[in-house]
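Please examine the structure shown below. The questions that follow concern how its parts meet.

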Amino acid sequence: MQEDIDKWLKELKKGSTKLSILSLLRSGDKYGYELIHELEVRTGGVIVIKESNAYPALHSMESDGLVESYWKETGEGIPPRKYYRITTRGQGFLEDMRREWKRYVNAMDGVWGEGNGNQ
Amino acid sequence: MEISDDAKARLTNRVNRIVADIDVYEAEKKEITRELTSNFYDRSMTRAMARGSKIIEKQDVDAVFADSEDPKEIAAGYMHTYVSSLQRAGILSRGIAYLIDLIIFVLIIGIIVFMIGAPFYFIFPDQFNTRFLDGGDIFVEPEGPIAVLVSFLLGTTVLIGMLVYFIVIEGRFGFTPGKWLLGLRVLREDGTRIGYVEAIIRNIPKVVGNSVFIVIDALLMLLLFNKEKQRGFDKIARTIVVHKSKKEE
């Protein structure tokens with residue numbers, strides 16, 4: 001049972017990776033690990049994205065024109081970091097995604113009857 | 001922040017292991033290498049700082065790796081994303097690669113067969129029936145028991161040679177010498193590296209019988225699976241062949 005839930009949650013997280021990343025980028029440019037870390041902290045460890053998911057998602061979002069990237073020196077004695085910035089197109093996409101997300105959640109409420117007080 | 005030499009070596013080694021399993025264009029590979037290096041530096045630095053240290057030590061890097069995914073899993077994550085952007089190889093480039101493979105294979109196996117067979121032929125000439133044909137060709141037939149044994153040995157050598165060349169090499173590296181020359185890679189449909197199982201299945205028509213089977217299978221690709229550019233046995237093995245440095249238009 002737990003295995004099935006884990007599998008389902010993995011798919012769910014995968015589906016919401018882009019939405020999470022774009023949302024975080026609204027408050028400013030961020031590098032890969034910063035995005036992963038901030039997401040974990042903000043969601044109290046509920047949404048944890050791994051390297052195998054985060055970086056490929058960033059790359060595909062970049063080729064889709066949703067984000068842009070640039071390298072920046074750290075000044076901390078470690079190699080430069082790759083920062084990501086949300087594009088205008090990315091912002092539009094994020095708004096659409098959020099609207100659809102809300103619509104979906106409302107629709108699911110309808111499916112299990114919460115909207116009608118049938119609990 | 002500083003980093004100790006052994007910590008740095010471990011980190012570099014880990015990133016290289018991940019990137020080794022990513023079959024994409026070189027420029028993109030460099031970018032991935034830099035990004036993953038930066039990622040592991042950041043993670044290790046957080047560990048070192050938590051210890052109150054200003055130096056990233058081996059223990060920090062090891063702790064990060066223990067917490068991180070398997071290198072193959074990270075590489076697979078990238079390949080799932082990239083596979084749709086890699087151009088599939090068609091009948092022409094794959095046919096040329098196969099011809100090159102055949103030439104290389106026949107040359108190598110010819111030399112090996114000669115080196116094994118020739119000494120027996122000269123030491124035990126009575127065991128062989130040598131006939132000179134009209135066209136000037138020489139036809140050698142085994143006659144005695146030693147010659148029969150030698151023929152069997154040579155036949156086995158050719159068969160093993162074929163299995164090694166077309167299956168073991170492809171299963172291990174994801175390409176044969178011919179494919180390597182043309183910049184082709186065999187991948188699973190999900191973009192990850194193939195293993196020996198896939199190499200065995202997809203090469204059955206190459207090593208079984210004569211070249212009729214592979215031609216039929218290639219025709220199957222043209223007629224039925226031209227869009228996916230998969231031979232019948234690619235379909236069964238769930239494999240694809242791509243140009244490793246060409247992006248899909």
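**Contacts between chains and between domains**

Q: How many salt bridges are counted between chain A and chain B?
A: The model considered here is predicted. Between chain A and chain B, the count of salt bridges is three.

Q: Which residue of chain A forms a salt bridge with Glu31(B)?
A: A salt bridge requires a side-chain nitrogen of Lys or Arg within 4 Å of a carboxyl oxygen of Asp or Glu. For Glu31(B), the closest N and O atoms of the pair are 3.0 Å apart. The partner of Glu31(B) is Lys82(A).

Q: Which element gives the most residues to the side of chain A that touches chain B?
A: The elements that give two or more residues to this side are helix H2 (32-42), helix H3 (51-63) and strand S3 (81-86) of chain A. The element that gives the most, with six residues, is H3(A).

Q: How many residues of the side of chain A that touches chain B are nonpolar?
A: The contact takes 19 residues from chain A and 26 residues from chain B. On the side of chain A, four residues are polar and five are charged. The number of nonpolar residues there is 10.

Q: What is the area buried between chain A and chain B?
A: The size of an interface is often given as the accessible area lost when the parts come together. Carbon and sulfur atoms give 55% of the area buried between chain A and chain B. On the side of chain A, Tyr33(A), Glu51(A) and Trp71(A) supply 31% of what that chain buries against chain B, more than any other three residues. The area buried between the two chains is about 2,100 Å².

Q: How far apart do the C-alpha centres of domain 1 and domain 2 of chain B lie?
A: Chain B is divided into domain 1 (2-68) and domain 2 (87-247). Six residues of domain 1 are in contact with six residues of domain 2. The C-alpha centres of these domains of chain B lie apart by 41 Å.

Q: Which residue forms a salt bridge with Arg193(B)?
A: Between domain 1 and domain 2 of chain B, the count is four salt bridges. In the salt bridge of Arg193(B), the closest N and O atoms are 2.8 Å apart. The partner is Asp23(B).

Terms used
Residues are numbered from 1 along each chain as its sequence is written. Chains are lettered from A and ligands numbered from 1 in the order in which they are written. This is a predicted model: local features need pLDDT of at least 70, side-chain atom pairs count only at pLDDT 80 or more; totals for chains, interfaces and linings use all residues. Side-chain values use heavy atoms; hydrogens and water are left out. Domain bounds come from an automatic or database domain assignment. Contact means heavy atoms within 4.5 Å. Buried area is the accessible area (1.4 Å probe) that two parts lose on being put together, summed over both. Helices (H or I, at least four residues) and strands (E, at least two) are DSSP runs, numbered from the N terminus. Ala, Val, Leu, Ile, Met, Phe, Trp, Tyr, Cys and Pro count as nonpolar, Asp, Glu, Lys and Arg as charged, and the others, Gly among them, as polar.
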